[in-house]
Amino acid sequence: MLLHSSSMAIKVSHNLGLGKWNDKHNNNFIPNHVGSFFIFLRSNKTHHNAMSGGHIGCCLSSFNQTQSFPVMEDQKKLSFSSPEPVNYSQELDVAVRTVQLACSLCQRVQNGLISKTSDGVQSKDDNSPVTVADWSVQATVSWILSESFGSSNVSIVAEEDIQNLSKAKAGGVLETVVKTVNECLAEAPRYGLNGPKMALGTTEVLEAISRCNSIGGPAGRFWALDPVDGTLGFVRGDQYAIALALIEDGEVVLGVLGCPNYPMRKEWLNYHHRYHRIISKLTPSTSESWDKGCVIYARRGSGEAWMQPLLHVNKNLVWPNSARPVRVSSIDNPSLATFCEPVEKANSSHSFTAGLAHSVGLRKQPLRVYSMVKYAAIARGDAEIFMKFARAGYKEKIWDHAAGVVIIQEAGGVVTDAGGRPLDFSKGIYLEGLDRGVIASAGANLHDKIIRAVDASWDSSAL
C-alpha cells in the first residue's frame, strides 16, 4: 500500500473487524490484523485508504448503520500521528488470495490430469515426481505476485525450475502447464486478484517459472514458495500443501499454507479424504461440516493465526472468507500428545523418532502426514509434536519450513532445531547450521521435554 506524502493518518482506537472493501471507486480496503483502524486522508479529499484491525468479520455496511463515526462526531478528540508501518497487511492479503487460487488449480489437476493419465507426472533428477501442478502453481504465484507488487520488487525462492519442463519429451506437459495456468488465472477475479488481459503464451509461462531464481540470503525481501509440498501425497491422492512465506532480512514475516485435502473439522481426520469426498457429494455444499480444505496463515508479531475454508466453486472470495482463529493444543503431558512425522523414510528416521517417542512417554500412534500439513495440524491443535531428523547428507530447504514455522509460532507453539535454537532462514536456500533436526511443539514445556529426550538418546541414533 502506497502512503503519499500529502496524506495524514488519523488513528482511531476502535477494534473493528472490517473485511476487504471493494466498490466501483476503489478496492484498497485491506485488513492488517494489528488491532487498530486508520484512515489516510489525501489532500484532494476525494479518496481514502483504510486498514482494519481485528479479524472479527464485521461488515462495512453494518458499521455505517451506527451513524456515529467518531471522526465525524468530534475530530478534536482524535490524536494525529505520522503514518505507521503497514505491517505486511497488503502482502498477507495478496498471499492468502493467491494460495486460495493455487489450491483451486491443484484440485483441478488432481481431479483431472493425475487421475486420468500418467502424462501429468514427470521425474526430476533426484527421481522425485513433479507434476503439472508444481510448474503451474509456481508460474501462477510468480505472475500474481509480480502483477500485484511489480516484477522489479518481487524476488522468489522456489523449488522448481524449467530444466525438465523445457526438454523435448516434455512438450505435451508444457502445453498442459500453459493451458492450466491460463485456466487458473482466468479465475483470479473471483479471488479479488487481477488476471491477465489476454492469455499467457508459452514463453511468458516459462519466464514466470524461471523468474523464481532468487538464492535468498540475510538481507532484503524475498518470497519462499513450495508450489506443491508433498508431491508424492499429491500424486497418491493424499495430503499435500501449497506453502508461501515472505522473508525479510532473514526473518519469516508471514506464512500461508494451503491444504486442499485437510478438512476444516478435526473429526474428519479419521476418514480418508476419498470417503470424505463421497460424503460431501451427499450433503449440501453450504454446510461447513463438509468443508474439505483450508488455508491457514499468520503474520509475525500478531500473536494470531487464522484459518479459512477453501472457496466453493462459483463463489467469490469475500474477505475474510469465514476465517476463524486457530490455536495450538494445551496438552503438555507427553502420554496424551500426538506427534507427526514424515511419511517418506528416505529423508527421515522413523526408527529414531519411534524410540524417542517411547522414551519421552508418547503412547499414541504417530500421525504420518505428507508435507507441511504437519505444521497445520499442530497450529490447529490436532497434534502436539512434529519431529524430523534427517539422514546423513540430507539438507533441509527453507521452503519446506518457512510458512509453517511462523504459523505455529503465532498460534502459540514453538519451533526450533534439536538444540533449541531458532531455524535460520538467512543462509540461502538451505537451513544451514541446523542442529540434528527440527522440532515443533504445542508449547514450551512439551518442547523442553522433547529436546531433553533427544539429547539423552542421540548417541545411539546412528544418524
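Asp229 is buried, at 8% relative accessibility (buried means under 20% relative accessible area, exposed over 50% and partly exposed in between, with a 1.4 Å probe and protein chains only). The model is predicted: local features need pLDDT of at least 70, side-chain atom pairs count only at pLDDT 80 or more, and totals for chains, interfaces and linings use all residues. Residues are numbered from 1 along each chain as its sequence is written, and side-chain values use heavy atoms, with hydrogens and water left out.

Asp229 belongs to strand β9 (residues 221-229); strands (E, at least two residues) and helices (H or I, at least four) are DSSP runs, numbered from the N terminus. Not counting residues up to four places away in sequence, Asp229 touches Tyr240, Ala241, Ser371, Met372 and Asp400, where contact means heavy atoms within 4.5 Å. Asp400 is located in the loop between β17 (385-388) and α11 (402-410) and is also buried, with a relative accessible area of 15%. With neighbours within four places in sequence left aside, the contacts of Asp400 are Asp226, Asp229, Met372, Tyr375 and Tyr394.

An unreviewed UniProt entry places the feature "binding site" at Glu159, Asp226, Asp229 and Asp400. These positions span 242 residues in sequence, yet no two of their C-alpha atoms are more than 9.4 Å apart, so they gather at one spot. UniProt positions are given in the numbering used here, feature names are shortened, and annotations may be inferred rather than shown by experiment.

The axes of helix α4 (residues 132-149) and helix α6 (residues 202-210) come within 8 Å and cross at roughly 85°. Axes are lines fitted to C-alpha atoms, for helices over the stretch in contact, and angles run from 0 to 180 degrees between N-to-C directions. The two helices α4 and α6 are therefore roughly perpendicular (65 to 115 degrees; under 35 is roughly parallel, over 145 roughly antiparallel and the rest oblique). Trp135, Gln138, Ala139 and Ser142 of α4 meet Val205, Ala208 and Ile209 of α6.

Most residues other than glycine have a negative phi, and most peptide bonds are trans. Asp249, in the loop between β10 (241-248) and β11 (251-259), has a positive phi of about 50° although it is not a glycine. Asp249 is exposed, at 51% relative accessible area. Asn314, in the loop between β13 and β14, likewise has a positive phi, of about 65°, and is exposed at 71% relative accessibility. The peptide bond from Trp319 to Pro320 is cis, with omega near 5°; Pro320 is placed in the loop between β13 (305-309) and β14 (324-326).
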